[in-house]
Amino acid sequence: MSKEFVQENLDGLTDVAREQSRIDTEKFRAMALAKLLQGLEQGAIPDSALVEIARARLQGDELFDLFERWVVKPQEEQMNQMLPAMAGPGLQPGVPMGPGGPGGPGGPGGQPMLGPGPPPPPEGSGLLARMGVPAGPGGMIGAEVRG
């Protein structure tokens, strides 16, 4: 039997969807706590935060708020610091890479391109014309027919 069937037929449980939502939230809460503990153990979160997190929980602060403060926001700040380095000289993060933007035209949908794109595929007639032409050291384009 499925958990949902049991929940639907359990006396006193009238809102199965709400109960499933609570179960999911418990799992997310456990994951958030595990990641906070992991960050403290690995040094990604400073030891001083341990005292602050414990005191905040005793005062009733939400675990998810603490997770956002000590895990999510530092990750976002780190990504924002890395973007200017990845943008290269003359490019600024947040500036669109479309026509008229720095660096010339962007990729499909105005997305920035990282380096030259792949060459366009040859047309069908170009492929047929290249049959039997050496593709490079040790290779041929097409099939070799032996008689």
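The following questions and answers go through a predicted model of one chain.

Visitor: What percentage of the residues of the chain count as buried?

Guide: Buried here means under 20% relative accessible area. The chain exposes about 11,900 Å², with carbon and sulfur atoms supplying 58% of it. Of its 147 residues, the share that counts as buried is 14%.

Visitor: Among contacts between residues at least 6 apart in sequence, what percentage join residues at least 24 apart?

Guide: A contact is counted when heavy atoms lie within 4.5 Å. Among contacts between residues at least 6 apart in sequence, the share joining residues at least 24 apart is 23%.

Visitor: Which residues does phenylalanine 67 touch, not counting residues up to four places away in sequence?

Guide: With residues up to four places away in sequence left out, its contacts are Ala32, Lys35, Leu36 and Val72.

Visitor: Is valine 71 buried or exposed?

Guide: Valine 71 is found in helix α4, and its contacts beyond four places in sequence are Leu36 and Ile45. The C-alpha atoms of valine 71 and leucine 36 are separated by 7.1 Å, although the two are 35 residues apart along the chain. The relative accessible area of valine 71 is 11%, under the 20% limit, so the residue counts as buried.

Visitor: How far apart are the end C-alpha atoms of α2?

Guide: The helix has 27 residues, and at 1.5 Å a residue these should span 39 Å. The computed separation of its end C-alpha atoms agrees with that, at 39 Å.

Visitor: Which residues of α2 are buried, and which residue with positive phi follows the helix?

Guide: The buried residues of α2 are Val16, Ala32, Leu36, Gly39 and Leu40. The helix is followed by a residue whose phi is positive, near 85 degrees, and this is glycine 43.

Visitor: Why do the buried residues of α3 line one face of the helix?

Guide: The buried residues in α3 are Ala49, Ile53 and Ala56. An α-helix has 3.6 residues a turn, so residues three or four places apart point the same way. Seen down the axis of α3, the buried residues line one face because they fall within an arc of 65 degrees.

Visitor: Which exposed residues does the face of α3 turned away from its buried side carry?

Guide: Exposed means over 50% relative accessible area. On the face of α3 turned away from the buried side, the exposed residues are Asp47, Ser48, Arg55 and Leu58.

Visitor: Which residue with positive phi follows α3?

Guide: The 12 residues of α3 should span 16 Å, and its end C-alpha atoms are 18 Å apart, which agrees. After the helix comes a residue whose phi is positive, near 95 degrees: glycine 60.

Visitor: Which salt bridge links distant parts of the chain?

Guide: The structure holds two salt bridges. One joins arginine 22 to glutamate 19, with the closest N and O atoms 3.8 Å apart; both residues lie in helix α2, three residues apart, about one turn of the helix. In the other, the closest N and O atoms are 2.3 Å apart, and the partners, 17 residues apart in helices α3 and α4, are glutamate 52 and arginine 69.

Visitor: Is glutamine 7 buried or exposed?

Guide: Glutamine 7 lies in helix α1 (residues 3–8). Not counting residues up to four places away in sequence, glutamine 7 touches Leu13, Val16, Glu19, Gln20 and Ile23. Its relative accessibility is 12%, under the 20% limit, so glutamine 7 counts as buried.

How values were computed: Residues are numbered from 1 along each chain as its sequence is written. This is a predicted model: local features need pLDDT of at least 70, side-chain atom pairs count only at pLDDT 80 or more; totals for chains, interfaces and linings use all residues. Side-chain values use heavy atoms; hydrogens and water are left out. A salt bridge is a side-chain nitrogen of Lys or Arg within 4 Å of a carboxyl oxygen of Asp or Glu. Helices (H or I, at least four residues) and strands (E, at least two) are DSSP runs, numbered from the N terminus. The expected span of a helix is 1.5 Å times one less than its number of residues. Buried means under 20% relative accessible area, exposed over 50%, partly exposed in between (1.4 Å probe, protein chains only). Accessible areas come from the Shrake-Rupley method with a 1.4 Å probe; for residues, only the protein chains shown count as cover. The arc is that of the directions from the helix axis to the C-beta atoms.
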